[in-house]
Amino acid sequence: MTSPLLDLFYQLRDEEGFLLSIEQYYRVENYLIQKLANDSDIAIQENPNLENPKIKLLCQALWVKSPKEKEKFDQAWTEMLQFQPEINIEIAQKTPIHHPEESISKIINPMDDRESPSLEITPPGDTPIAPETSFPQIATAIEKRKKITSLDNPDYYPIGIAKLQESWQQLRPLPLESPRQTWDLKATVMATAKRGFFDQIIYQKKQLYRREIIIFIDCSDSMIPFAGFGRIMKQTWANVPHFYFDNLIRDEVLQQENGWESQSLTKVLSNYSPEVTSCLILSDAGAARKRYVEERLSATETFIRRFSRRFSRVAWLNPLPYHRWYGTTAWDIADLAEDIPNFSMFELTTEDWENLITWLKEEAIPPRHLFNPNQFQQGDNWDEDEDFFSAESRLRLFEKENEPNTRELAKRAAFPLSLSPNLLYYLRQHQDKNNQAPWYAIADILLSSLVRKIDRELYEMSPDVRKLLLEKLTPEELKSLAYQLQTYIQEEIGDYCSKSVYWQNQQWLALAYLKPSQAVNEIKQVLAEAIKNNNRVRLVRLTALLENISAALADYEPLLLLNKTIAAYSRGDLNHVGNVLQLSSEDEGTRQKRLIDEVAAIVPYDENLFLFTAETVLVNKTGQVIERKPVKAYFYDENLPEVGNRKKAQNYIRMMYIPQGEFWMGTEDKEIERLVKKYGGDGFKKEGPQHLVKVPAFYMSQTPITQAQWQAIAATAKIDINLKTNPSRFKGDELPVERVNWYEATEFCKRLSRETKREYRLPSEAEWEYACRAGTTTAFHFGETITADLANYRGTKTYADEPTGEYRQQTTPVGQFPPNAFGLYDMHGNVWEWCADTWHGNYYGAPRDGSVWIENGNNNYSPLRGGSWFNFPRLCRSAYRDYYYSRRDYYCDFIGFRVVCGAGRTL
């Protein structure tokens, strides 16, 4: 039995002359399934209740284009309900409706999680028809897209989730009409008999079919580095059948990536019509390992030819770029396209992805220019007299075969104790963007001779190679990598870290560089517990861990020496344990207790670097808090000379660790134009041009220098100029010092450096803005605006759509508002802060390394940043540069400063 709605559509199009395409019918059907499926009076998966006014309104909105057509539509709709009044009850309860044109698969999957295009309620053409009642735009699908885990971050790959979704909108099975018309003999005879004469031939309804897609994913070892992309594609294209194979497609294909359940390939292929089904294969075809295997080519050609007969189009997506195919099996497999016209291989790039989608849509693609193989210089990189098995030789060969950016990533890959593809992608993302390794470098490293596989998606670098690569890293780079690893574990692994030995060891590795005392304390506890429980397997792993991180724990020599004894205990060598501990007793319990005591006796050093925790907030343009984020940062306290009877808590400067990184300094041209247009003046043009800056790690005072801190240093001996001990207008130990000019702030830094034996100075403009933004790109580190609850400024004025607030008309105690993500307080408002640079009217020629910019500047002026209690919020933005008050000998009750210290500080 046919659907009355489909009959109505054909009547309007074929008999009433409506200019309609079959896609317009299916837009109605798609919407009904996705939007109205939960209505109690609609059995939409079987047949809709056509008396529902929503359905009529939807059809009218899509199909009717003029008042004349509306009359015909209303009449046809009424007739449909009169002639088939029982259809809505009987069919909906008993018999599912099947479209006569449906020959391949279901027209629509009711669990489809894809988004539908928007409905155009007002049709083009004649006088627009006003809808009878308001009708919503097409909403998102019933089921939201399955959550993609952060471990399969789409940013790791050239094609992300958004692009996959966009491509699916192009590929989703569109209904197609057969161009052939078939004479319906029976209907013609019956019509002639009814009329008593022959007047026309009646044709059968045009046949419909739908394009199908089926995907085969290679899950062999060489594809592990790209497994995350396959999972994202499967989750994004959730309704496309996915099958798996290991290296070659054989008579059986797997139904799950890591499962054993298989299905006959013949049976799989029999479910799809060759005329309307396209096939997508995801495999490196031997390019990842840079291999050529004749047997693989022969077997692949066999199944490709088989597929070419079973599918309308066969597309092979190779994760490696064209130039990596040459010299491997992939090159000759790609050449099969010369002899098989409906087969083609594509690389995983944005440009070729568009070609792949076009190909699957059975449309023509432009000629693709593969690279010239003559440009590929293959030579013997191996010296016959060289030892292939030595770490030096393997590393030399790797460095000769790979580009500098990949070699740099390999150095970073040596830091973690073990590697997963996602961890390596994460490390790549934190490379300098201008010198970032290509994304497929992950495969070059994980499949190289430097690394061995220890589990499905877990690798380990050879210890001898790891040692050589770590020697190439500076102490600051090691510490930065430790911070990245710890951040990765906190953000990506979370609570699972404590349940996994693998991730717990990685956490200790990071702590060993960032906060060795904490790492030692935690490892001590686990060691003592393992010894107490005689858990020798655990002890073997712990002693191996300590050996691997011994460079970071060099100051803990007693622990490293004891580690050798514990390793002997784990092997059962009790004589060695007794000799080292000078025990005459052969009792194992005695040795066990003595080992526990020795572990407990190790006291970690206080290395003056501690963990700081707080909470920062993010607001929208109305000033409403939309997110709260935990802050985890590290600091040391710089003790100051005692002055008078001041509280102990004020007798230091807290210096926050600012990790190295890069950011876009300044303001985009478009935003500058907006600010100039809104507020007038040319002052905002000083914030351009926006440029990328790479900033080394450093330390910055957590707050502007307070009056108590100023007094402690001002009381010390003069270096260049005298300092007033209490210059501020607004008095208070915890208030920021103000009425300080640039020369006085510089004198403070010189004296502080002398007293502490560490080099302190004013921050460069780049350091200040990098520290202020703390990874944000909005106008303020709090988000799109600020409020008087978040900073001290002229709160009676607004920047965006936030409400006005309190104008305090003076400084406030430091640290009373929320910090930014680096743990810094009062970066917006309170007092302007001096920078070390000379004044430059714009950023043309500015350094890109975060250093102080002196050359060709105005020596009488230095930039002020951050705004103050006195200023409008627009002057408190992260990127704003003040010139008006920036004469170096100028001082006022809204100008202060904070200090920085290089990360390579002398302890």
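Student: Which residues does threonine 787 touch, leaving out those up to four places away in sequence?
Tutor: Keep in mind that this is a predicted model. Threonine 787 sits in the loop between helix 28 (765-773) and strand 19 (832-834). Not counting residues up to four places away in sequence, threonine 787 touches Gly623, Tyr793 and Glu802.

Student: Okay, back to helix 28: how many of its residues are buried?
Tutor: The buried residues of helix 28 include Glu765, Glu767, Glu769 and Arg773. Trp768, Tyr770 and Cys772 are among them too. Helix 28 is mostly covered, and the count of buried residues is 9 of 9.

Student: Which residue just after helix 28 takes a positive phi?
Tutor: Helix 28 spans 765-773. Just after helix 28 there's a residue with a positive phi of about 50°, and that's alanine 774.

Student: How are helix 26 and helix 27 oriented to each other?
Tutor: Helix 26 covers residues 707-714 and helix 27 covers residues 742-756, and their axes come within 9 Å and cross at roughly 65°. Angles of 65 to 115 degrees count as roughly perpendicular. Helix 26 and helix 27 are therefore roughly perpendicular to each other.

Student: Which residues of helix 27 meet helix 26, and what is the hand of that crossing?
Tutor: On the helix 26 side you have Gln709, Trp710, Ile713 and Ala714. They meet Glu744, Phe748, Arg751 and Leu752 in helix 27. As for the hand, the crossing of helix 26 and helix 27 is left-handed.

Student: And helix 14 with helix 15: what word describes how they lie to each other?
Tutor: The axes of helix 14 (residues 404-413) and helix 15 (residues 421-429) come within 10 Å and cross at roughly 120°. Roughly perpendicular runs from 65 to 115 degrees, and roughly antiparallel needs over 145. Helix 14 and helix 15 are therefore oblique.

Student: What is the hand of that crossing, and which residues meet there?
Tutor: Helix 14 passes helix 15 in a right-handed crossing. From helix 14, the residues are Leu409, Arg412 and Ala413. Their partners in helix 15 are Leu424, Leu427 and Arg428.

Student: Where does tyrosine 326 lie, and what does its 27% relative accessibility make it?
Tutor: Tyrosine 326 is in the loop between strand 8 (313-318) and helix 11 (329-335). Buried would need under 20% and exposed over 50%. At 27% relative accessibility, tyrosine 326 therefore counts as partly exposed.

Student: What separates the C-alpha atoms of tyrosine 326 and arginine 291?
Tutor: Along the chain, tyrosine 326 and arginine 291 are 35 residues apart.

Student: How many disulfides does the structure hold?
Tutor: Let's check a couple of cysteines along the way. Cysteine 59 is buried, with a relative accessible area of 0%, and cysteine 219 counts as buried at 11%. The number of disulfides in the structure is 0.

Student: Zooming out, what share of the protein's residues count as buried?
Tutor: The protein's secondary structure comes to 28 helices and 23 strands. Its accessible surface is about 42300 Å², with 48% belonging to carbon and sulfur atoms. Of its 907 residues, the buried share is 53%.

Key. Residues are numbered from 1 along each chain as its sequence is written. This is a predicted model: local features need pLDDT of at least 70, side-chain atom pairs count only at pLDDT 80 or more; totals for chains, interfaces and linings use all residues. Side-chain values use heavy atoms; hydrogens and water are left out. Helices (H or I, at least four residues) and strands (E, at least two) are DSSP runs, numbered from the N terminus. Buried means under 20% relative accessible area, exposed over 50%, partly exposed in between (1.4 Å probe, protein chains only). Accessible areas come from the Shrake-Rupley method with a 1.4 Å probe; for residues, only the protein chains shown count as cover. A disulfide is a pair of cysteine sulfur atoms within 2.5 Å. Axes are lines fitted to C-alpha atoms, for helices over the stretch in contact, and angles run from 0 to 180 degrees between N-to-C directions. Angles under 35 degrees count as roughly parallel, over 145 as roughly antiparallel, 65 to 115 as roughly perpendicular and the rest as oblique. A crossing is left-handed if the near helix is turned anticlockwise from the far one by less than a right angle, and right-handed if clockwise. Contact means heavy atoms within 4.5 Å.
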